[in-house]
Amino acid sequence: MDIQNYKGVMVLGEQKDGHIRPVTFELLNRGRDLADKLGVELSCSILGNEIEDLTEIIYRGADKVFHVAGPALAGFLPGPYARALVRLVQEERPEIFIAAATTTGRTVMPLVAAGLKTGLTADCTLLDIDDKEKILLQTRPAIGGNIMATIKTPFTRPQMATVRPRSARPAHRDESRTGLISVKNYGDSPVSAVERFLAYVPDATQEVSIEDADIIVAGGKGLKTRDGFKLVEELARLLGAGVGASRDVVDLGWASYPHQIGLSGKTVSPKLYIAVGISGKVQHLAGMQTSETIVAINRDPEAQIFQVADFGIVGDAFEVLPELMGALKNAPGRRLREGSEDNAL
Amino acid sequence: MRIAVLIKQVPGTDNVKMDPETGVMIRTNKGNIINPLDENALEEALRIKRSREDVQVLAVSMGPESAMKAIKEAVAMGADGGVLLSGRAFAGSDTIATARALAAAISKLGDVNLVLCGERATDGETGQTGPMIAATLGIPVQTYVQRLEVADDAVKVERVVEGGFEQVKVQLPALITVVKGINEPGFPTLTGKVRARDAVVPVWGADDLGLSPEELGLKGSPTRVVKIFSPKLSRSTLLHRQDNTGRAVNELLKFLADRDIV
Amino acid sequence: MRYNPVNGKIIDELKTIVGETNVVLDPEKLAVYGRDEVSEADWQHRPEVVVKPESAEQIAAIMKLANREMVPVTPRGAGTGLSAGAVPMLGGIVLSVERMNKILELDRENLFMVVEPGVTTGEVQKTAREAGYLYAGDPCSADSSFIGGNVAENAGGNKAVKYGTTSRHVYGMEVVLPTGEITTLGGKCVKDVTGYDLVHLMTGSEGTLGIVTKVFLKLLPLPQYVADLLVPFDDMQKAINIVPVIMTHGGIIPTSVEFMDSLSIKAAEMYLNQKLPYSDAAAYVIIEVDGSSERQVEEDYETIGNLCLKNGGLEVFVADNKSTQDRIWKARKCYAEALRVISPVYCMEDIVVPTNRIPQALEEINRIAAKYAVKIPCAGHAGDGNIHATLLRENRDEQTWHEVKEKVLDEMYRAVYALGGNLSGEHGIGAKRKEALARFMDPVQLNMIRSIKKALDPNLILNPGKIVDVE
């Protein structure tokens, strides 16, 4: 493989029912930064039959959009998606190809990487360009939870990575930007009987998506029991906040999986994140450290969570939380956000 | 029907420590467990075995020789047998090289209709190996599966995605990665344990798989680890100690008010 | 009333002793210190003030002040007790050792650990384990309970069959006497018959004879291999009968033998929201063995497992690694919380009988439960005769609950005594079982307890109103 023949940065956009998913704009922000560092073009591939408003992708920083269309690509199916992307990459030859670490990105990118016999790094929290070698540095939390690993793909192209959703801000919108939108019609690929999409069922029971909450109160094992964890839920209710949980807490059954924040759960980026009784393993931090303001409450002054916190209280949650709730209830003229039912647990 | 379950031996959660001097992870063999989601995959295979005639469940693992313990545990839980990929040539494999080896092993087993594994392992957390094996074998894959229905030549799955579930039907042979909610893993039984102790589980090396050393280990891996470091977490933290004066909470409220949050 | 209220002058002096921030007066916070894990309101009482000293000297000063002013002092660990022993039934001062939470020494040559009372038991276990040793005390509340509380209560727990209760691991302590003297009893000597065994007089005295400020704990070599068996039985008798069989025919002393009856299994299943294996069984027995060689542990669990199968076990599940072990113990460890969900108010009893009498004891409890139509799930430590029988209030009104509870308890205690048993195996008397003790204990012994109490605490300042009424 002559790696010199590969130029440019490509991101994989996502759509649902023809609407561009916001995670696409986060990728464009990442991609623009990398493309500028390399002095190359940024392209965005997006698969699906009819997609509204592809110019929005240009406004958000792409120089080119490849809309890959075909009857087999209407909804996500790993096989057809992967085959289309392998073909696109072979035609366009980007040196870097990144996708979001969503259920789609985490499924299709390994197929594409295996098809192209190149490397792939999952769940990166940081992407950068090595100044000297001009190659991609992919950084992700690694084994055990307290270290980071930086990985490169030196000999093969493209250099591929998935990045945590919400680990970057959406790209700035600029309507004066121009770019090229081209349609790749791989329509000859027939709808295959090997994989058949049957239905999408929205999850009615799925409680609030905490990804969208402005404030999140999250609890960890320091709360000792399920009853202890209720303090976190109570504070969340008072603040109209979403409830988050560490992996330990979900494993213990005090909270359900949709509340799990961290590498194996959700990544959130709220205006305010209050971590209660959470020690702050890297895996958890990976899911919340881009929050605007972080408050940590923990008994252990050495807890790692304090290192990412803007404000920390060293103390027992069972003392601090009742006091805090008391003060919030009594504070005259307080300006609590509207606590909508949606945001409660 | 033959089902291959991919199991990875991982450190039990309390079993990983960092060397405070070097920042390198210290791993010991003792206290290792089967990756929890792979236990769900195994349980799903055993569930299928209980519900149909003529199902054979084989546990496949790649790792050091001590990973034999994980395969024996799978046998004790009810698997019919297994195979361990072990040897120098495999050391240092990234996900692509690992997938190549495991795909070769599945081919060598022959007539595998269904491959099951956990959606990710608790140590690496990449979730890449499963789909990469499917791509290498050229069979369809479904990920994040929380419900599985098997027919003779196809499976119907329900996968958990952002905001809901997708129902998909794929033809066999196929590879399915499962999430925690799919079932509740069972336990090995005493008879299973005794059976596992006596079971002969073959160990295959690169030669057995017909793979050259160039395709495996570090040589067969497109990615390289450049560096490992402790994260620098950079926020300047205002730290207050809880006492009985209510001062810390008051400071917090003032801080949040200053930032126009609460 | 012989005691005085805590006035402003006393508060000021307390502040001088422990510092202003370590004196708690906020009513909401005081409420937290006015209860333990007993769920009934009868056994809650708010202190007038809470102090959080950090040294034996400060505690001594507090005790001298309290004697001078005639104010009761109730010492408190993590508040995880189950007999209202740390509840200040007569008000006054609660003395919390929560700030005394340092591990002072790990002595590898003598195999001792020296700790302050406010260290959690879990922390003690973990520190020992990481250094390659076993601290064998293991109450179910280990994650949150303090070692000081374990000593005061002589806590039992899961490993008592093989390793004994807390007192077996306590060889010495620094203690502040009710009158304010500081002294060190015992220490690191393994043999010691120098005078009375005061170490074990203090251990289990429920904070009525002194306040422990430093504990000398014996460590053991860490067993390298542990295996747990979960055995469902279709019959409770068969389940309990397995205990002597294991010990005598098997010739093995397991680390623990736990049991759950069908009500407890169902409660755990509901609470965990997952199907447990053989959850229709009449009983679960959980057996743990440990040892220094894998082969020996395998042989032991195979022997025990086969005995179980021969004697009515429906299946034998084996867990020899962390993930399966956690799953096996999850049901047993959550069951108390599970009961709380079914019935927020309940009365957990802690009766103990000679091990071979457990089947009869359970039969009696079942009979009484049926007679009064009260649900009484039973679980506990089959290997040492200790049964946690929990009376559920469910939706009875206060009055009915009270009446029926008294009748059930009285009849249950009578049955237990008839079987050669006792009121409490590991939870203690505290305030909760004081009346029952007065009724069931030999008056000679009650007088011995009174005499000792009066000798050490002439003004009855330390934790009054517990175990026995002295006057």
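Q: Is the crossing of α8(C) and α12(C) left-handed or right-handed?
A: In this predicted model, helices α8(C) and α12(C) cross in a right-handed manner.

Q: Which residues make that contact?
A: On the α8(C) side the contact is formed by Met236(C), Gln237(C), Ile240(C) and Asn241(C), while α12(C) brings Ile358(C), Pro359(C), Leu362(C) and Glu363(C) to it.

Q: And how do those divide into nonpolar, polar and charged?
A: Five residues of the contact between α8(C) and α12(C) are nonpolar, two are polar and one is charged.

Q: At what angle do the two helices pack, and how far apart are their axes?
A: Helix α8 of chain C, residues 236-248, and helix α12 of chain C, residues 358-372, pack at an angle of about 150 degrees, and their axes lie 9 Å apart. Because angles over 145 degrees count as roughly antiparallel, α8(C) and α12(C) are roughly antiparallel to each other.

Q: Switching to Arg367(C), where is its place?
A: Arg367(C) belongs to helix α12 of chain C, and with a relative accessible area of 38% Arg367(C) is partly exposed.

Q: What does the side chain of Arg367(C) make a polar contact with?
A: One polar contact, at 2.8 Å, is with the side chain of Glu364(C), and another, of 3.3 Å, joins the side chain of Arg367(C) to that of Glu411(C).

Q: How far apart are Arg367(C) and Ser343(C) in sequence and in space?
A: Arg367(C) and Ser343(C) are separated by 24 residues in sequence, and from C-alpha to C-alpha they are 21 Å apart in space.

Note on methods
Residues are numbered from 1 along each chain as its sequence is written. Chains are lettered from A and ligands numbered from 1 in the order in which they are written. This is a predicted model: local features need pLDDT of at least 70, side-chain atom pairs count only at pLDDT 80 or more; totals for chains, interfaces and linings use all residues. Side-chain values use heavy atoms; hydrogens and water are left out. Axes are lines fitted to C-alpha atoms, for helices over the stretch in contact, and angles run from 0 to 180 degrees between N-to-C directions. Helices (H or I, at least four residues) and strands (E, at least two) are DSSP runs, numbered from the N terminus. Angles under 35 degrees count as roughly parallel, over 145 as roughly antiparallel, 65 to 115 as roughly perpendicular and the rest as oblique. A crossing is left-handed if the near helix is turned anticlockwise from the far one by less than a right angle, and right-handed if clockwise. Contact means heavy atoms within 4.5 Å. Ala, Val, Leu, Ile, Met, Phe, Trp, Tyr, Cys and Pro count as nonpolar, Asp, Glu, Lys and Arg as charged, and the others, Gly among them, as polar. Buried means under 20% relative accessible area, exposed over 50%, partly exposed in between (1.4 Å probe, protein chains only). A polar contact is a pair of N or O atoms within 3.5 Å; within protein, one must be able to donate a hydrogen and the other to accept it, and residues adjacent in sequence count only if both atoms are side-chain atoms.
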